[in-house]
Amino acid sequence: MKVFLVEDEFIVREGIKNNVDWAGNGFEFCGEASDGELAFPMISNEKPDILITDIRMPFMDGLELSRMVRKEFPEIKIIILSGHEEFEYAKAAIQIGVEEYLLKPINGEELLQVVNRVAEKIRQERQKPAGGVEALNESEILENEKRQLFNSLINSDNSLADMLGAGKKLNLNLMAACYNILLFKLQRNHKEQEFSQRIEEFYGDIIRSLEQYGDRVAIFDRAPEGKVVLFMGETIEEIQDTIKNFLKDFQEIFCNYQEVSYFGAIGKPVMRLSEMNLSYEMASHGFSYRFLTDQNQIVDSANIQNQEEGSESVSTMIGNVEVQNLDKQKIEGFLKGGEIEEIEFFVEEYMKNTGDAGKNSLIFRQYIVMDMYFVAGNFLAQIAKGEESQLGEPFASPDQMQETISSYESTLAYIADLFRQVMEVRDRQTTEHNSDIVENARHYINENYGDEELTLNKVASQVNVSPNHLSAMFSQRMGQTFVKYLTDVRLTKAKELLKCTAMRSNEICEAIGYRDPHYFSHIFKKNVGCSPMQYREGGGKD
């Protein structure tokens with residue numbers, strides 16, 4: 001690896017140049033300069049792997065040189081030497097992205113240790129093919145870890161320190177004075193397969209639009225529920241302004257995707273990270289309105305709550321329709337896409353459409369119960385087989401009828417229980433279907449592990465689901481990520497070939513789907529505990 005030195009003190013520069021055995025330790029001392037202005041064109045020409053520079057120099061100091069190098073040659077690792085302990089220097093160096101910040105005086109042995117450490121980091125980075133299959137797999141691992149982090153946030157599973165630490169590992173700064181959540185989901189207006197890709201593109205545009213807000217915004221995948229955007233700020237007003245600006249951007253993006261529809265809900269602001277579950281519950285409450293109102297809107301759950309508590313103004317949200325206009329399609333939509341946890345809320349809100357008739361008329365409540373029963377029964381018949389497709393009759397006896405419709409509350413309870421029965425069958429069917437999808441994905445991986453282009457996206461396309469959905473199902477079903485399973489399959493085959501054939505390591509690498517022999521060796525040693533050759537010679541264990 002090539003090392004370049006910038007130091008204005010001649011004696012120091014000569015000492016570093018001549019008193020360190022660069023060649024003997026695997027380095028080429030490729031150049032030197034006395035200031036940043038002289039150094040930059042030389043660096044542009046030599047393109048060293050490691051730059052060592054002083055801070056205080058005439059004409060152009062080390063910080064300015066480092067900024068220019070990071071911008072033009074981001075692959076170059078920078079080590080800064082300084083005779084100054086001022087915090088502002090170190091802070092500036094960290095912001096620029098230097099690898100090491102060392103205080104003078106420093107001897108040759110200490111400097112060599114640091115250079116070796118930086119060189120090892122370079123080697124590890126080069127073992128991973130940039131932008132290739134493994135980079136895509138690492139993205140899948142990152143999304144899975146973010147899902148786990150968000151689950152811990154809304155379930156309050158960990159301490160504040162643990163949650164902040166977990167966020168830091170994912171480059172997420174979760175420290176803020178207040179928080180709020182936006183839950184939203186995109187879906188196809190039609191069932192043509194090509195629209196699935198359009199949804200992925202829409203999500204991609206949204207994620208890119210969020211980048212302008214820096215670390216004050218984080219997005220999490222909640223497949224199949226949708227996406228969660230976490231807004232953070234110093235004041236509630238700041239978060240409200242950010243949400244307002246984002247929704248404006250969201251609407252502009254939506255104009256390019258008329259074949260896709262969306263619905264979303266904003267939670268309530270909370271002042272503690274440990275109260276995130278309250279914001280999420282409020283957003284989920286508002287999200288349930290997707291079955292009761294028009295699509296292509298993002299509602300404010302706080303406004304919904306105020307309307308419910310205040311009064312007749314709730315009619316502005318779901319409409320005060322006449323009995324004959326109660327919409328059965330909303331019931332069918334909820335049975336297809338709602339969650340069991342949303343049943344009571346949905347039934348209560350839907351029944352508000354019946355007005356006084358639902359509360360005061362036994363005959364009308366009987367009509368409603370029968371109507372709900374037939375809609376639920378028809379839906380169940382479409383999705384279930386055998387005994388599961390049958391619902392018990394609601395009025396098996398006069399006493400049961402009287403009990404069911406004796407009060408508005410008992411009618412609500414019956415309808416909620418009816419929906420629960422149907423949706424539990426639906427979820428069992430979905431679980432079995434998802435199991436089939438995962439099994440099909442596993443079969444495809446086992447048959448095609450030698451394809452170097454085998455990625456989560458490609459397998460998802462084969463089993464006809466979105467990559468995010470397959471990733472979530474795979475982790476839930478298998479207890480490991482997609483990429484971990486793929487890696488295990490490949491390495492199991494590699495061990496077999498090492499023990500049972502005379503194939504060379506690079507041939508095995510290609511046979512199991514890795515394009516880079518160095519990366520194959522790295523991943524093998526990381527997972528098996530020894531190199532491929534050591535394993536072949538009997539140094540590894542199965």
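This is a predicted model: local features need pLDDT of at least 70, side-chain atom pairs count only at pLDDT 80 or more; totals for chains, interfaces and linings use all residues.
Q: Before I look at any details, how many helices and strands does the protein have?
A: You'll find 24 helices and ten strands. The chain runs to 542 residues, and 46% of them count as buried. As for contacts with a separation of 6 or more, 67% are between residues 24 or more positions apart.

Q: What is the mean pLDDT of the protein, and where does pLDDT stay under 50?
A: Think of pLDDT as the predictor's own confidence in each residue. The mean here is 81, and 86% of the residues reach 70 or more. Over residues 129–133, though, the pLDDT is below 50, and this stretch has ten contacts in the model beyond near neighbours in sequence. Residues 308–325 also stay under 50, and there the model has 29 contacts beyond four places in sequence.

Q: Where does leucine 418 lie, and is it buried or exposed?
A: Leucine 418 lies in helix α18, which spans residues 408–448. Its relative accessibility is 2%, so leucine 418 counts as buried, the cut-off being under 20%. In space, leucine 418 is 7.5 Å from alanine 376, C-alpha to C-alpha, although 42 residues separate them in sequence. Alanine 376 is one of the buried residues of α16.

Q: How about serine 461: buried or exposed?
A: Serine 461 counts as exposed because its relative accessibility is 55%. Serine 461 belongs to helix α19, residues 456–463. Between serine 461 and alanine 441 there are 9.8 Å in space, C-alpha to C-alpha, and they are 20 residues apart in sequence.

Q: How do I read a pair of packed helices?
A: Two packed helices are described by the angle between their axes and the distance between the axes. Take α19 and helix α20 (residues 467–478): their axes come within 9 Å and cross at roughly 95°. That makes α19 and α20 roughly perpendicular to each other. Leu456, Asn457, Val459, Ala460 and Val463 of α19 make the contact with Pro467, Leu470 and Ser471 of α20.

Q: At what angle do helix α13 and helix α14 pack?
A: Helix α13 (residues 328–337) and helix α14 (residues 343–351) pack at about 175°, and their axes are 12 Å apart. So α13 and α14 are roughly antiparallel to each other. On the α13 side Lys328, Lys330, Ile331 and Phe334 meet Ile343, Phe346 and Tyr350 of α14.

Q: One for the loops: what is phi of lysine 47, and which loop holds lysine 47?
A: Lysine 47 has a positive phi, near 50°, in a residue other than glycine. Lysine 47 is in the loop between α2 (36–46) and β3 (50–54), and counts as partly exposed at 46% relative accessibility. Asparagine 171, also not a glycine, has a positive phi of about 60°. Asparagine 171 is in the loop between α7 (160–169) and β6 (178–188), and is exposed, with a relative accessible area of 71%.

Conventions. Residues are numbered from 1 along each chain as its sequence is written. Side-chain values use heavy atoms; hydrogens and water are left out. Helices (H or I, at least four residues) and strands (E, at least two) are DSSP runs, numbered from the N terminus. Buried means under 20% relative accessible area, exposed over 50%, partly exposed in between (1.4 Å probe, protein chains only). Contact means heavy atoms within 4.5 Å. pLDDT is the predictor's confidence in each residue, from 0 to 100. Axes are lines fitted to C-alpha atoms, for helices over the stretch in contact, and angles run from 0 to 180 degrees between N-to-C directions. Angles under 35 degrees count as roughly parallel, over 145 as roughly antiparallel, 65 to 115 as roughly perpendicular and the rest as oblique.
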